[in-house]
Amino acid sequence: AFIGEDGQIIFSQAFDLAGGQVIPEPANLQAFIDANPLLLSRPVSATDGVNGLLVIDNTPMLIATSPILDNEAEGPPHGTLLWARYLTEPALAALSDFIQAPVTAALPNAPALPDDFAGALRSLTVVSPVGTRLLDETTIAGYGLVPNLYGQPGLLLRVALLRDIYQHGQLSVSWFTLSLVAAGLIFGAVFLALLERLILSPLARMVRAVKGIGASDDFTARLD
């Protein structure tokens, strides 16, 4: 949208990237601009704009503004150029494809947050915006609290990842346990064989010899 110095929209247009066609812009766009004068501010200098996140119609929107300057990129500004893009499901799907992990989002003030989002939100702040939670034995999720243009919580993102290291560790523990069991069985078999050969068999022969001597009443006989 092109916005004049008086804050009124001079020209605006919306475009559906997925459908590849022009669509009607939000009917309340002017009211949205009026309610967010920060969009028309110059926080650093007259040639700077603002960028960040805002919510319109309960949908998060990425916003960037730039002052309209002359051909030399010098002021004074003659208005503001505003770009905005809804952070919709297709946009999140594209982000998921890019990072090769599923990304989901929720508004922090949504009336019914999923349990894991609500639990993560209780431990996150704008100052400490990142945290992790275990979803189950095979999945871990990372959460990020994204502030809006005003520095307040604007959007809660979740990235879910398989616990590959944990699963590999569990597999290693299983193999180690099986190896210990196998080694124990082998050691037990060898131990029993040695016990039979070195102790039990000689002892059995001695017992039989003692019984033979006792039966013969020849107490001068020797044990072989």
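## Aromatic pairs

Rings of Phe, Tyr and Trp (its six-membered ring) are taken as a pair if their centres lie within 6.5 Å; planes under 30 degrees apart count as stacked, over 60 as edge-to-face and the rest as tilted. Two aromatic pairs are found when the whole structure is searched.

F117 and Y143 make an edge-to-face pair, 5.8 Å from centre to centre and with 85° between the planes. Because F117 lies in helix α3 (residues 115–123) and Y143 in strand β10 (residues 139–147), this pair ties together parts that are 26 residues apart in sequence. F117 is buried at 4% relative accessible area, and Y143 is buried at 2%.

## Basis of the model

The model is predicted: local features need pLDDT of at least 70 and side-chain atom pairs count only at pLDDT 80 or more, while totals for chains, interfaces and linings use all residues. Residues are numbered from 1 along each chain as its sequence is written, and side-chain values use heavy atoms, with hydrogens and water left out.

## Strands and sheet

Helices (H or I, at least four residues) and strands (E, at least two) are DSSP runs numbered from the N terminus, and two strands pair if DSSP finds at least two bridges between them. Five strands form an open sheet in the order β2-β1-β7-β6-β5, with antiparallel pairing. The edges are β2 (9–11) and β5 (51–56), each with a single partner strand, so one side of each has no neighbour in the sheet. Strand β1 (residues 2–3) runs antiparallel to β7 (residues 80–86) and is joined to β7 by two bridges; I3 has T80 as its bridge partner in β7.

Strands β9 (residues 130–134) and β10 are also antiparallel, with five bridges between them. A hairpin of four residues connects β9 to β10. Y143, the aromatic residue paired with F117, is the bridge partner of G131 in β10.

## Largest pocket

A pocket is defined on a 1 Å grid over the protein atoms alone, as an open set of points where a 1.4 Å probe fits, with protein on both sides within 12 Å along at least five of seven lines; lining residues have an atom within 4 Å of a point. The largest pocket holds about 740 Å³ of space, the volume being that filled by probe spheres set on the grid points, which are joined across faces, edges and corners.

Its lining has 26 residues, with A14, F15, A84, R85 and Y86 nearest the centre. Two or more lining residues come from each of β3 (14–16), β7 and α2 (89–99); β7 gives the largest share, six residues. By class, 20 lining residues are nonpolar, three polar and three charged, where Ala, Val, Leu, Ile, Met, Phe, Trp, Tyr, Cys and Pro count as nonpolar, Asp, Glu, Lys and Arg as charged, and the others, Gly among them, as polar.

## Two serines

S12 sits in the loop between β2 and β3 and is buried, at 17% relative accessible area. Apart from neighbours within four places in sequence, S12 contacts A1, E25 and L29; contact means heavy atoms within 4.5 Å.

S96 belongs to helix α2 and counts as buried at 13% relative accessibility. With neighbours within four places in sequence again left aside, S96 is in contact with A101, P102 and V103.

Definitions and conventions: Buried < 20%, exposed > 50% of the residue type's maximum accessible area, 1.4 Å probe, protein only.
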